[in-house]
Amino acid sequence: MTTHPQAHSARRLPSLAGPAAWDAILGPRAPYPRLEGRKVVDFAIVGAGFAGLSAARRLKQLDPGATVAVLDAGRIAQGSAGRNSGFMIDLPHELTSDDYAGDSAASDRKIIDLNRRAIEFGAETVAEYGISGDYFRRDGKINGAASGRAHDQNIAYAAHLSAIGETSELLDAQAMHAVTGSRHYRSGLYTPGTVMLQPAGYIRGLAAGLADHVAIFEDSPVLELIRLDQGWSLRTAAGRLDAGAVLLANNGHLESFGFARGRLMHIFLFACMTEELSKETLDRLGGADNWGVTPSDPMGTTLRRIATSQGGNRIVTRTMSRFLPDMATTDGDMRRATRMMRQKFDDRFPQLASVKMDYAWAGHLCLSRNGVSVARQLDRGLYAACVQNGLGTVRGTLTGIAAAEAALGTESAVSRHFTDQPDPPRLPPAPLAKLGANLFIRWKEWRAHNE
């Protein structure tokens with residue numbers, strides 16, 4: 001008979017370098033309380049990002065009378081949910097592929113259907129909770145190509161999309177300049193289905209919409225999960241929360257509680273955001289007000305331009321990856337990343353050499369070698385909505401839905417997809433994995449240095 005430990009203590013707590021710029025540009029808000037004293041609920045959710053808050057909304061949809069509490073280790077929208085690039089992508093976006101395509105046409109069609117379910121879940125959330133349209137824009141995105149090799153990858157991906165019945169539009173260099181204001185790109189592949197998020201604005205709005213029906217606690221890291229005869233008890237520094245069922249929606253920090261240990265790859269990506277662009281600067285830049293460019297080579301540089309009523313006109317640059325099994329960056333990592341991002345920005349926008357960067361930060365991605373998530377039952381009354389494989393806005397939404405459905409014994413195409421997935425395979429020992437992965441990443445980044 002399988003035995004389960006009676007308690008799971010957190011080996012480490014989330015630690016992310018730099019401010020969450022998407023949240024910072026929105027200005028201050030009233031905080032949610034810390035968990036203090038003892039409380040009892042039907043469902044407790046650990047993590048208030050895309051997965052955790054989507055799980056809370058799905059639980060209340062399925063069981064309006066259930067009592068639900070969400071705990072976040074930090075401030076909502078200041079963790080990974082406020083540190084991503086804000087692309088809610090409908091098409092296959094396999095980061096280990098040369099051109100984002102998946103294993104087969106059949107698997108890609110399944111992923112597209114699931115991703116679009118997540119996007120519609122997001123659209124319904126925006127409508128229900130009155131979230132600003134600035135924060136959920138159906139603009140589509142562009143795969144940008146600077147080299148002949150990357151242009152060929154765009155051509156191959158366009159052919160793949162056509163074969164599975166999806167539309168795309170190939171943009172030449174002139175069209176790319178008209179959109180972005182940059183002459184860096186040789187071509188681009190536009191696909192219309194991606195939603196461009198202000199991710200912190202969306203997450204803030206989702207939390208605010210839930211707050212009338214769900215208890216939300218900030219600055220309340222869970223230090224220990226204790227197995228009870230019925231349900232679980234969650235211990236924080238100042239309180240205790242007893243729940244009939246617990247949903248872990250803490251992505252890579254699933255491993256911190258002892259689950260999937262030695263099976264998860266912890267990747268950190270770095271990003272920076274400009275100061276608010278003046279009218280004179282915008283005139284020098286040209287181009288459209290809102291756009292997003294992902295690199296045709298997945299190891300290249302992602303760019304966003306935003307123009308919002310709160311936060312103003314800015315450009316976001318995201319690049320450089322590090323495999324860090326201990327889930328923490330160093331000051332040296334941030335310095336190297338900041339230099340690299342400045343160079344990438346200047347290569348693309350030499351006319352903006354005087355523009356300053358207001359923010360630089362790191363974000364934590366959790367991947368598995370076989371691309372699977374962990375979104376299913378882990379133990380009696382314990383469920384996971386974790387391992388988003390670098391696709392946190394869409395995959396996080398889906399895993400949150402799946403975990404909520406599993407906790408209530410409800411099935412859908414979403415929950416069946418994740419229940420049927422195998423476990424993540426084991427990684428080599430940590431020192432070898434770190435050395436090998438970072439050498440491989442450096443080589444891939446060198447090969448994609450123009451992208």
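Reply: Contact means heavy atoms within 4.5 Å. This is a predicted model, in which local features need pLDDT of at least 70 and side-chain atom pairs count only at pLDDT 80 or more, while totals for chains, interfaces and linings use all residues. Residues are numbered from 1 along each chain as its sequence is written, and side-chain values use heavy atoms, with hydrogens and water left out.

Me: Which strands does helix α8 lie across, and at about what angle does it run to β17?
Reply: Helices (H or I, at least four residues) and strands (E, at least two) are DSSP runs, numbered from the N terminus. Axes are lines fitted to C-alpha atoms, for helices over the stretch in contact, and angles run from 0 to 180 degrees between N-to-C directions. Helix α8, residues 331–348, lies across β14 (265–274), β16, β17 (312–323) and β18, and its angle to β17 is about 130°.

Me: What is the strand order of the open sheet of eight strands?
Reply: Two strands pair if DSSP finds at least two bridges between them. The pairing in this open sheet is mixed, and the order is β7-β8-β6-β15-β16-β17-β14-β18.

Me: Why is one side of β7 and of β18 left without a neighbour in the sheet?
Reply: β7 (169–172) and β18 (357–367) stand at the edges, so each is left without a neighbour on one side. Neighbouring strands of this sheet are turned by 25° against each other on average, direction ignored.

Me: Is Arg-305 buried or exposed?
Reply: Arg-305 belongs to strand β16, residues 302–308. Buried means under 20% relative accessible area, exposed over 50%, and partly exposed in between (1.4 Å probe, protein chains only). Because its relative accessibility is 3%, Arg-305 counts as buried.

Me: Which backbone oxygens does the side chain of Arg-305 reach?
Reply: A polar contact is a pair of N or O atoms within 3.5 Å; within protein, one must be able to donate a hydrogen and the other to accept it, and residues adjacent in sequence count only if both atoms are side-chain atoms. The Arg-305 side chain reaches the backbone oxygen of Gly-286 at 3.2 Å and that of Asp-289 at 3.4 Å.
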